[in-house]
Amino acid sequence: MNAREEMLDRVRRALADVPSDERPAFEPRPLGQDSAAPSTKALADRFLERANDYSASVRRTTAANLAATVAEICRSHAAKRIALAPGLPRSWVPSEIEPIDGSRLDTAELDAVDGALTGCTLAIAETGTLVLDGGARCGARALTLVPDLHVCVVEEDQIVDGLPQALAALQPKRPITFVSGPSATSDIELDRVEGVHGPRRLEIVLLGGGS
Amino acid sequence: MSFREAARDALADSQMRANVRRATRTIGMRRAAAVAEVPDWEELRHAGASIKEATLRHLDVHLQRFESALQQAGGVVHWALDAQQACEIVLDIVRAERATEVIKVKSLTTDEIQLNEALSRAGVSAIETDLAEMIVQLAGDRQSHILVPAIHRNRAEIADLFRQRLGIEDVDDDPRSLTAAAREHLRERLLSVPVAISGANFAIAETGTVCIVESEGNGRMCTTLPRTLITVMGIEKLLPRWQDLGVMLQLLPRSATGERMSPYTSLWTGVTPGDGPQSFHVVLLDAGRTDALADPVGRQSLRCIRCSACLNVCPVYERTGGQAYESIYPGPIGAILAPQLSRLERNGDLPDASTLCGACYEVCPVRIDIPEVLVHLRGRRVRERRVGAGERLAMRALAATFARRESYEAAQRAAQIGRGPLRHAFWPGPLAAWRQSRDLPEVPAQSFRDWWRQR
C-alpha cells in the first residue's frame, strides 16, 4: 500500500463512528453580514474610514482630478519611474511621471522602479481591504509586491460590504491577494512597525462619481 | 523533562514572565475589542466549528477532492504518513532543483516535523523570513508563542543578537531600526532564492486553493517570487468550499492579532502561467493526525486554526511561557494537541498543565471544548496505564468507595474522625506538593445523611 492509500485508509478507520449515510455538508452558510445592501456612498464612506484605521493614506478624488492626485502622491514620495499595470486607463496616468510597462519587468527591474500604479478587482468596506486578482488593472503579483510604493485606485462601485460578498465575486482560479494596510510587524515587544518586506508605503485613491 | 520541572525553571525567570504577561494581556485586549465589534460573533464561532467539524467527519472525501482539484490546476500532491516521509519528499524536490538555500514562511507544521534540521543535515540552509522566526533561528532558541514566537525576548536582547550574529553595527534597540536591519538582511535572498517552503492556514477542497495569512510581506515574497514553491500542510487544514473562507477569514485575524484583517492574505490555486512559481507542490501530512481523528472526543482538537487566542487568556501559560511546554504547540491547545499527535507518548503530562478554568474554550473561534479534552486525556492516560501505579490504585479505590452506599458512608465517617489529625499531619511524596498550596476542606462534624436520619 502506498502512502496515499495508507493515509486514506487510516482516515476511514478513524471515522468508523461517523454514520455512513451522513453526507458532507456543502450547503452555503451566508453569515457575518447584514442582508440589507448599503448604498455605494455608505460603502465608500465606510471603506475610507476603515482603510484609514490601518494608517494607509486614502485620498478621495473625482475622475477629472485623478491624474493630478496620482501626480501629487508620486511627487510627495519623490517617485518618478512608475511601473503600471497593463490595463490601466490612459486618463489615470499623469504626464509628470515616467510610465513603465509593469508586465515586462523581472524582479530586479521591479526592485529598481520608484513605485507601482494599479487598480484593484474589488475592495471590502468592512475591513478596508483592497483585493488584487492578477487581472489587467492589477498586474501580476510581483508588481504590487517588489516596488516600495504601491498606489492603488479604487472605484467607488467596486466596493462590496464584507468578506463573504467579496469571495462570492472572486474567481478562485486567479492568484488573489487581500491587502489591508501596509506591511507591518509586531514581533518585537508588540511594538507595531509599518513597512517590512511588502511595499513600505501604500497610497489608496478612492475614485468617486461627481462630487 | 516533565512540564512540572520545566515550569519550575520558567517560573524563576522573572524577565521572561514579565515579557509574556505584557504580551498576552496586550493581544488579549486587542482581540476582545476586535471581537466586540462583530454583532454575530457567536454565530460565526458556531459556523466556524461546524465547517471544521464537517470537514473532519468526511476528511477522506475532502482530501481526494483537494488532490484532484489541485492536480487539474497544475499542482503536484504528495502524501506523507510521518515527519520523516515529509522531510524526504521536500528534500527530493529541493535536490531536483539543485538548491543549497531555501526561503521559508513561518510554519508551525514544518517546525513540528523538524524540517530545517533535516535540510541542514542534507547541506541545505533554510532561511526563516518571518522576523520573529528569524530572531529565534539566529539565537538558536525555541519559540514561546504560536503567533509571536520571540515574545520572550526584549528589544535589547534582539539588538545584541543582530550585532553578534549578523555583524550589523549600526543598529539600536528601537524596533523600527531592528525591523529595517532585518529587511536589509533578507531582501536580496527574498528576491533571488529559487525555492520556497511554506505552511498553509487553509486549503480549499473544491478548488485546490491554498491560503496564507501574514503581516510582513515575507509570505507574499516567498509564495510569489521563487520558481518552485513547496507547501507542507497537516491534513486538518482543509475546508470544503471556497465560501467557507468567508467565515474563517473573519474568525482568524480577529482572534489572532485583534485585527479586522491581517495586512496580507494570499490565495493561489496551482500554477498561474506568467505569475508566481511555475512549479508548485503540496505535501499532505498525517504525523499523528489520524490518531487524533480516531478519538471521538479528542477529534475536535483538529479544528484548531492556530490563532493562539487560548494562550493569551490562560493563567498557566501566562506564568510559564511557551517553552516549558516543550512542544511546538504550547498553551491550552498544545496541552491537548501535542500529546495526541504522539499517541500520548510525548508531552503526556501536558493535560495536567491546566486549572480547567475554561477561559480557553470561551475565546476559541472554532469552539474546541479544551477542558473536556483535557479531562478526557487525563482519563486516557490512566486507562492506557501511562501513569504511576499509585495514582491508578488511588483512583480505583476512590471509584470502589463511591460505587456503594455502605462504603461511601464508611468513608464519610472516617473523614470525620480523621479531620483533626489529617489537617496537621505530614503528607508523603507527591501529596506533600499538592498540600503545599491547598487547605483541606473543613469536614462537618455531621454528614447530611446522618442529619437526615436523625431528623
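Me: In which hand does H9(B) pass H10(B), left-handed or right-handed?

Reply: This is a predicted model. In it, the crossing of H9(B) past H10(B) is left-handed. H9(B) covers residues 155-166 of chain B and H10(B) covers residues 175-192, and their axes come within 10 Å.

Me: At roughly what angle do the axes of H9(B) and H10(B) cross, and how is that angle to be read?

Reply: Angles under 35 degrees count as roughly parallel. The axes of these two helices cross at roughly 30 degrees, and H9(B) and H10(B) are therefore roughly parallel to each other.

Me: Which residues of H9(B) and H10(B) meet?

Reply: From H9(B) come Arg155(B), Ile158(B), Ala159(B), Phe162(B) and Leu166(B). H10(B) supplies Pro175(B), Leu178(B), Ala181(B) and His185(B). Sorted by class, this contact has seven nonpolar residues, one polar and one charged.

Me: Turning to strands, how should I read the two faces of one?

Reply: In a regular strand, side chains alternate between the two faces of the sheet. Strand S9(B), residues 264-269 of chain B, has Tyr264(B), Ser266(B) and Trp268(B) on one side, with Thr265(B), Leu267(B) and Thr269(B) on the other.

Me: Are those faces of S9(B) covered or uncovered?

Reply: Both faces are covered. Six of the six residues in S9(B) are buried. A residue counts as buried if 20 or more other C-beta atoms lie within 10 Å of its own.

Me: Which strand of chain B is joined to S9(B), and by how many bridges?

Reply: Strand S6(B), residues 209-214, is joined to S9(B) by six bridges, and the two run antiparallel. One of the residue pairs is Cys211(B) with Leu267(B) as its bridge partner.

Me: Which strand of chain A pairs with S9(B)?

Reply: S9(A) pairs with S9(B) in the antiparallel sense, over four bridges. Thr177(A) has Ser266(B) as its bridge partner.

Me: How many residues are in contact between chain A and chain B?

Reply: On chain A there are 58 residues in contact with 70 residues of chain B. The elements giving two or more residues to the chain A side are helices H1 (3-14), H4 (107-112) and H5 (163-169), together with strands S9 (176-179) and S10 (184-185). H1(A) contributes the largest share of that side, ten residues.

Me: What is the make-up by class of the side of chain A that touches chain B?

Reply: That side has 30 nonpolar, 13 polar and 15 charged residues.

Technical notes: Residues numbered from 1 in each chain as written. Chains lettered and ligands numbered in written order. Predicted model: local features only at pLDDT ≥ 70, side-chain atom pairs only at ≥ 80, totals over all residues. Contact = placed C-beta atoms within 7 Å. Nonpolar A, V, L, I, M, F, W, Y, C, P; charged D, E, K, R; others polar. Pairing = 2+ DSSP bridges. Axes fitted to C-alpha atoms, helices over the stretch in contact; angles between N-to-C directions. Parallel < 35°, antiparallel > 145°, perpendicular 65-115°, else oblique. Left-handed = near helix turned anticlockwise from the far one by under 90°. Buried ≥ 20, exposed ≤ 12 C-beta atoms within 10 Å, placed from the backbone.
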